[in-house]
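Visitor: I am new to this structure and would like a close look at one part of it, the surroundings of the ligand. Could you walk me through that part and then show me how the rest is arranged?

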Amino acid sequence: MDLSNPVPLVALVLNLVLTLFTVKFLTAKLRERQRKNKAKYHPVGGTVLNQLLSFKRLHHYMTDLAGKYRTYRLLSPFRNEIYTSEPDNVEYILKTNFQNYGKGEYNYSLLKGLLGDGIFTVDGDKWRQQRKVSSYEFSTKVLRDFSSVVFRENAAKLATIVSEAANSNEIMDIQDLFMKSTLDSIFKVAFGVELDSMCGSNLEGKEFTVAFDDSSAAILFRYVDIFWKIKRFLNIGSEAKLKKSIEVVDNFVYKLIHNKIEQMRNSKDESSIMKMKKEDILSRFLQVTDTDPTYLRDIILNFIIAGKDTTAATLSWFIYMLCKHPDVQEKVAQQVKEATDMKEVKDYAEFAAILSEEALGKMHYLHAAITETLRLYPAVPVDAKICFSDDTLPDGFSVRKGDMVCYQPYAMGRMKFIWGDDAEEFRPERWLDEDGMFQPESPFKFTAFQAGPRICLGKEFAYRQMKIFSAVLVHCFVFKLSDENKSVTYRTMINLHVDGGLHVRAFHRCQT
Ligand code: HEM
């Protein structure tokens, strides 16, 4: 070879590089094909069209499928949808390979309109930062004490309304009352402001409540409305309404945020600053993070959406279960009586005030009855994650990047392979040991609160609220369904609500 002429040398090197590159590319392709041929996918349970046809009884449909296949696929034109009730798979997606499953761009684009960059919509660093600050705040004694005071006040207020209905033997929709009282509670804890949706005294608050519920429903509608982006662009139909509702929500929330910032800036009185700083979530965030109103709005609206319907729906199913199982209702009442040592209630607020953490801590049977309600009627019946890169689940089946992988608390609560032959029975005793002490289950089997690093942040908060509300109500009243023969079922939406409300009568158990 003539080394004085570099052209052939360059050609040779180029040739070599090209050959190497081609070999590498073909080997990778071959490997990929071999891997794909070896990859096996979960059995097909049906298509999303079947889901749509069974929409009204969606969770029944998915429970039947889960009984046949612990994990199955539904075919969809956009992506595979994988539904699992296998605890090992659940542990894998929620904990072991947590990084590979999240909300993804798809959920973010749908939810962002209302929930912004709040904890429910984001992944990665944005999520980690909010989770860190929020979990610290939720564990503080200050927030625990303040929220307990709020729960006790609202439970007493609710008991007064129930008492009036009992006096006139009126039928009431207890789910509607729970929705209002839990919203009032979380709103007070979040902003330090009385919304009073229970009595409707705050007109601006009423407008906010309607707009907030309307915008949640419209956001949910985006999941089935393939034209939502076009409608948003043209500002027509459901998207035009959504825009208006969000404006109402934002105006109300930003006003509260600006007022609080002003109050904190202007307050000269040291003791009032100290008091103000201690209580609601907004004031506490103003202390530890920057005061960007959009950031604060997103954080707080996410808490409100998280804490409102979940606890209200669970309390409604709990009362439904007590009506269906009067023996359990009596046992709960008996336990509250023993734990509080209060025989006759003179005043609801006075009774609620003695429900200390210590007294609530003694109520293992009540805790078990609420948990058993959540096992059968989990407030979040199905929870979807997006798979970020090709993977293999512990059962040996593959999932692909972009697939939707869901764990399903509703179906899981009814699986015999998880809970035994009496899986479908309501039996609080399954949660108690021989001494009557509550025994938790693996969070990968009892998935009502999710599990792993993104486990529900408000779990303890929710139990405390639900125990205070139910202790007051069950201690003071006996509940019966207004019509024993009317079937009670769920309405298919993100949270498991009782369809059409829960209509009950209450009878005084003890006189005030
Ligand atoms: C019975 C009541 C409740 C149930 C069954 C429940 C259940 C859940 C579930 C299943 C998730 C995961 C949702 C997801 O994938 O994004 C979740 C997340 C969350 N929950 Fe709850 N929840 C309840 C009450 C509450 C309350 C009262 C609060 C706060 C006031 C709260 C705050 C949160 C937050 C902040 C998250 C997001 C956690 C994260 O992504 O890191 N929850 N909850």
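Guide: Happy to! Please keep in mind that this is a predicted model. To get your bearings, the protein chain holds 22 helices and 13 strands. Of its 512 residues, 39% are buried.

Now to the ligand. The shell around the ligand has 23 residues, and those that come nearest are Ala306, Gly307, Thr310, Cys456 and Gly458. By type, the shell divides into 14 nonpolar, 6 polar and 3 charged residues. Three helices, α14 (293-307), α15 (309-324) and α22 (459-476), each supply at least two residues of this shell.

Let us stop at Cys456. You will find Cys456 in the loop between α21 and α22. An unreviewed UniProt entry carries the annotation "binding site" for Cys456. Is Cys456 buried, exposed or partly exposed? Cys456 has 18 C-beta neighbours inside 10 Å, so it counts as partly exposed. Leaving out residues up to four places away in sequence, Cys456 touches Phe449 and Gln450.

Take Phe469: setting aside neighbours within four places in sequence, Phe469 is in contact with Phe151, Ala155, Leu158 and Leu315.

Leu94 leads us to helix α4 (residues 87-96), where Leu94 is buried along with Pro87, Asn89, Val90, Tyr92 and Ile93. The buried residues of α4 pack against the strands β2 (71-75), β3 (81-84), β4 (101-102), β6 (383-387) and β9 (404-407), and also against helix α21 (416-419).

One more helix is worth a visit. Helix α8 (residues 174-191) has 18 residues and reaches 25 Å from its first C-alpha to its last, close to the expected 26 Å. Of those 18 residues, 17 are buried, so α8 is largely enclosed by the rest of the structure. Just after α8 comes Gly192, with a positive phi of about 75 degrees.

Finally, step back to the chain as a whole. Among contacts with a separation of 6 or more, 73% are between residues 24 or more positions apart.

Notes:
Residues are numbered from 1 along each chain as its sequence is written. This is a predicted model: local features need pLDDT of at least 70, side-chain atom pairs count only at pLDDT 80 or more; totals for chains, interfaces and linings use all residues. A residue is near a molecule or strand if its C-beta atom, placed from the backbone, lies within 6 Å of it. Helices (H or I, at least four residues) and strands (E, at least two) are DSSP runs, numbered from the N terminus. Ala, Val, Leu, Ile, Met, Phe, Trp, Tyr, Cys and Pro count as nonpolar, Asp, Glu, Lys and Arg as charged, and the others, Gly among them, as polar. The expected span of a helix is 1.5 Å times one less than its number of residues. A residue is buried if 20 or more other C-beta atoms lie within 10 Å of its own, exposed if 12 or fewer, and partly exposed in between; C-beta atoms are placed from the backbone. Two residues are in contact if their C-beta atoms, placed from the backbone, lie within 7 Å. UniProt positions are given in the numbering used here, feature names are shortened, and annotations may be inferred rather than shown by experiment.
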